[in-house]
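Biologist: Before we begin, could you show me the model that we are going to discuss, and then explain the terms as we need them?

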Amino acid sequence: MISNYLKTSFRNLKKRLPFTLVNIIGLSIGLSCFLLLIAYTNYEENYEDFQDNKEQLYRIVFERFQGDELKSSSPAVMPSLGYKIKGEIPEVKQMSRFSNGSGIVKSIRVTAEEEKIYYADADFFKMFSFPLEVGNPDTVLENPNSIVLTESSALKYFGKEEAVGKELEVANEFGTAKYYVTGIVKDLPLNTSFSFDFLCSFNSINKGKNWFVNNWMWWSFPTYVTISNKADLESVKKQFPAFIKKYKTDPIEASVTWNFSFQPIEDIHLKSDFRNETVRRDTKARTLNLLKIIAFLILVISWVNYINLSTASSTERAKEIGVRKSLGAYKSQISKQFLTEAALVNIIAAILSIIIIIMIIKPFSKLLGLNYSTEILLQPTFWVYLLPIIIVGIIVSGLYPAFILASFKSTEVLKTKTMSTPGSVMVRKVLVGIQFVISIILITCTCIMINQNNFMKNKDLGVDIDKIIVIKKPQLLEKKVYKSQINSFIKELHKGTNAKYTTASFALPSIESWGLAVWKSSEDPGTQKVHMVNGVDANYIPTFGLKLLAGRNFDENRISDENAVIISRKSLKILGIEDPNDAINVSLNIETFEDRLFNIIGVIDDFHHNSLKSEIGGMILTPNTGLFSPPRYFSLKLDNNKVLKNTIGDAKSIYKQFFPEDLFEYYILNDKYQLQYVEEDRNQNVFTVFSFLAIFLACIGILGLSSFIAFLKTRDIAIRKVFGADKDIILWVLSKEFLYVLIGASCIAIPIVIYFMKDWLADFPYRIEISFWHFAIAIFSIFFITLLVIGVNLYKSLKRKPIQSLRSE
Amino acid sequence: MIKTENLSKVFKTTELETSAIDNLNLEVNAGEFIAIMGPSGCGKSTLLNILGLLDNPTSGSYRFGNQEVSKCSEKQLTTLRKGGVGFIFQNFNLIDELTVFENVALPLEYLKVPKNERKKRVEEVLKRIGIDHRADHFPRQLSGGQQQRVAVARAIAFKPKFILADEPTGNLDSKNGKEVMDLLSELNKEGTTIVMVTHSKRDASYASRNVFLYDGKIVDKLIEEEV
Ligand SMILES: Nc1ncnc2c1ncn2[C@@H]1O[C@H](COP(=O)(O)OP(=O)(O)OP(=O)(O)O)[C@@H](O)[C@H]1O
Ligand SMILES: [Mg+2]
């Protein structure tokens, strides 16, 4: 029996080949988009899923409160915390700090700058499931000066030779030391927040330094712990206040409350949002939800297409069904026939979509700014999704046509001229309406995103980041040696290149500086508020084109300028001063510079140090001393007509004269600054691509409906032609029907878009307003596409002699 | 006004070639009222469709006014038809979604007759044909005879110079049939050229000339039984 249905289905599908092809293509595009997006979101949501102990692993999060105000929150804590917690709180079974020390790595063969050098404790490989190729997980990080390499870095530094036991030199902020390779770890999977190429034993840096054990004021060591179960976690939390009280003894922090919490490692990737996040993090949960919604919408569109096309084509078959029924076929037999056809089409489409996915996975992951490959397909969850989707697809897309067509009354079908009930036209209009709604939503959202993105990129930043080359400070040199050379280096840099301005600074636009508590010396320290404080020199203001509103710039020749500050308009406001001129000579206290008083010598206008995604905060510039010494970046500002490349060459040779051992590292500021919009760019790309796909799929739907309507209207058109109607009038008669559907769809789509995009835009402190134009673009483009599709579709029937249409009843 | 020379129409289906019109020569002068008679299937409707520019001949020439129709583009045909030809179909061909009024108003609309004028003319013709009380009804709510009258109203409302009627009284009782015939003959007197297909001798008697068709050819006279 089944084989009988199959045979008939094949014959039917073959008979209407163009229709079948359109159907299969539409469905497989929809399916591949859906599966790709779902596989991707699923992948992102299952970060750390492979960790055997994932339920027991936590990262310690550190928050500091001044009264009710959150002063800072960070996943980086003091080095001593992990050390003490493991000894003093028995429920903490294992502990590893995990802190970065990027620098220069040297083997006999290769010397290179490396970002992903980390320090971890001996427990690390017992806690986390990163399998070792060579080495014992219990001991590889036990001894000082041990280093574990990933397979790729072993290959890079030692080639095919056995790396274990060999020597590597690592130079970074913790000094320069020789390390011995104790293990090789398999390259890390992509779905983990951890990302290291080198892992050194933590005791290499605190070796012999009691300081690490007792330091409670150096907060830059992310710390992970293993706690066996929830009950233990509760008990750890109970013991914490007493634990903190014991060690929080520094008077500087007396007025501040410390709070520690435990973040499950599975939450790190998507659910945490610290400014100074220490792990790789490039996706937001919100983006993933958006993608899931798009995936679902696209799938719906393609299902709707199937329903639309198959009912449209089947009205042509209504007569056949009517005859069959009059000859005694059961309704269920006819339904089964249609379901079999739907199943066949869906399965073929599914197979095709897997081929499509394999073909487009590379460009797709590029679109998302990632380097995923077919490994996404190897995720079991991918296949878990596929099967139900096919089944649901068959039911959704096959049931309605089966139901509708099987319930045609044979007498009606045989009698009526148009073989359609008014209801079926209505249903079809609703289906196309759904597609219109989805298309309008996607196009409008895309327009708004593009608009917002361009707005952020084109808005006046208040700071000039064009034609600026930034050179990073040398890594290898001892601080002291480096410090002594800075002045002559920068002078040489200015002389030896065609830079207009040259400046050395601790931070610069798009790179965070310290957020420090600042208060007026004349007021109570309790009034302190956090400002961003940056260490700069006298050329910083001209280099970045900042606008001085009052007072003067730093002057290298005035010794007193050591303690001078220039503050931004926003800082002025935070400090409660109205007029910039009133600020001059006001003295300030700055946290960690407790013994010094700073004197305001100037006020600058606000500027976007960071992207427009964050609000402008208070900004204070002070000379490169204390915390801010030595400077980390050298910026060269060129005139607009100068070529960057020549300057880079000149700068490099000067750098090599001063720091011959070091690697010359530079970047173009504007490029780096725009990198802050990676996520927005990516969303924009994704939306653009998928809107186009949605429109394309919707076109198939329009094609289906318009050919159906055209079919219903051939007689109508012919009669009108007999009485003198022109082509355009006829086109209008048909388009009118779509116009009503489009208007209806707009009424539904507009509030939905406004609701979601208001929310989306609310995340941006500097944002555009949703305007009439965003909708107009979407609605008009859909309208014109519809006209086009109808026009193409009708071309044939318009050309026909009217009598042919009138005859064919 | 119109003239055909050696006009032929052949319908080709996969199995069969039907010669519906066979080397037909016919001339109709302006102001004439012609009745075409003949047995079922002899090609009357086919001829009428060609004369009404709805279909093109397989071979031969057809001059409409002084235009050679076989050389006309679709656009020119539309122009010729527009306002020039009123067609009454054997099977009415009313538009289902439009009311009686709208159906009749359609050709006027395409001729861009102003709205008020349109309303006046449609109402007038509906009244004349006795169907004005049904103006707001849809075709499916009417009887066959009523639908036929609407079809007649539609063909005459825009006062074409040339009316083609395919059995305009086929569905009417003798009283209504007579009214329609009176109307046509009145129009003819006003100067409209009419070509009508009919099976009824009485209707044919209204015409100024009768043409007999047999197997696609014009014949002198038909044997009584075959009519
Ligand atoms: N589209 C077509 N395809 C094939 N054959 C056709 C077509 N139209 C008409 N014919 C054939 O041409 C011949 C003439 O048909 P036509 O409709 O002109 O007859 P008629 O004289 O109007 O008949 P009736 O009085 O029954 O209306 C018939 O034999 C018919 O079968
Ligand atoms: Mg006929």
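Modeller: Let us start with a term: a polar contact is a pair of N or O atoms within 3.5 Å. Please keep in mind throughout that this model is predicted.

Biologist: Which element gives the largest share of the shell around ligand 1?

Modeller: Strand 2 (17-28) and helix 1 (44-51) of chain B each supply at least two residues of that shell. Among the closest residues is B:Lys44, which has a polar side-chain atom 2.8 Å from an oxygen atom of the ligand, and for B:Ser45 the corresponding distance is 2.7 Å. The largest share, three residues, comes from helix 1 of chain B.

Biologist: Ligand 1 lies between chains A and B, and I would like to know how many salt bridges are counted between these chains.

Modeller: Chain A and chain B bury about 2100 Å² between them, 55% of it on carbon and sulfur atoms. On the side of chain A that touches chain B, the residues divide into eight nonpolar, one polar and 10 charged. Even with those charged residues on the side of chain A, the number of salt bridges between chain A and chain B is zero.

Methods. Residues are numbered from 1 along each chain as its sequence is written. Chains are lettered from A and ligands numbered from 1 in the order in which they are written. This is a predicted model: local features need pLDDT of at least 70, side-chain atom pairs count only at pLDDT 80 or more; totals for chains, interfaces and linings use all residues. Side-chain values use heavy atoms; hydrogens and water are left out. Buried area is the accessible area (1.4 Å probe) that two parts lose on being put together, summed over both. A salt bridge is a side-chain nitrogen of Lys or Arg within 4 Å of a carboxyl oxygen of Asp or Glu. Ala, Val, Leu, Ile, Met, Phe, Trp, Tyr, Cys and Pro count as nonpolar, Asp, Glu, Lys and Arg as charged, and the others, Gly among them, as polar. A residue is near a molecule or strand if one of its heavy atoms lies within 4 Å of it. A polar contact is a pair of N or O atoms within 3.5 Å; within protein, one must be able to donate a hydrogen and the other to accept it, and residues adjacent in sequence count only if both atoms are side-chain atoms. Helices (H or I, at least four residues) and strands (E, at least two) are DSSP runs, numbered from the N terminus.
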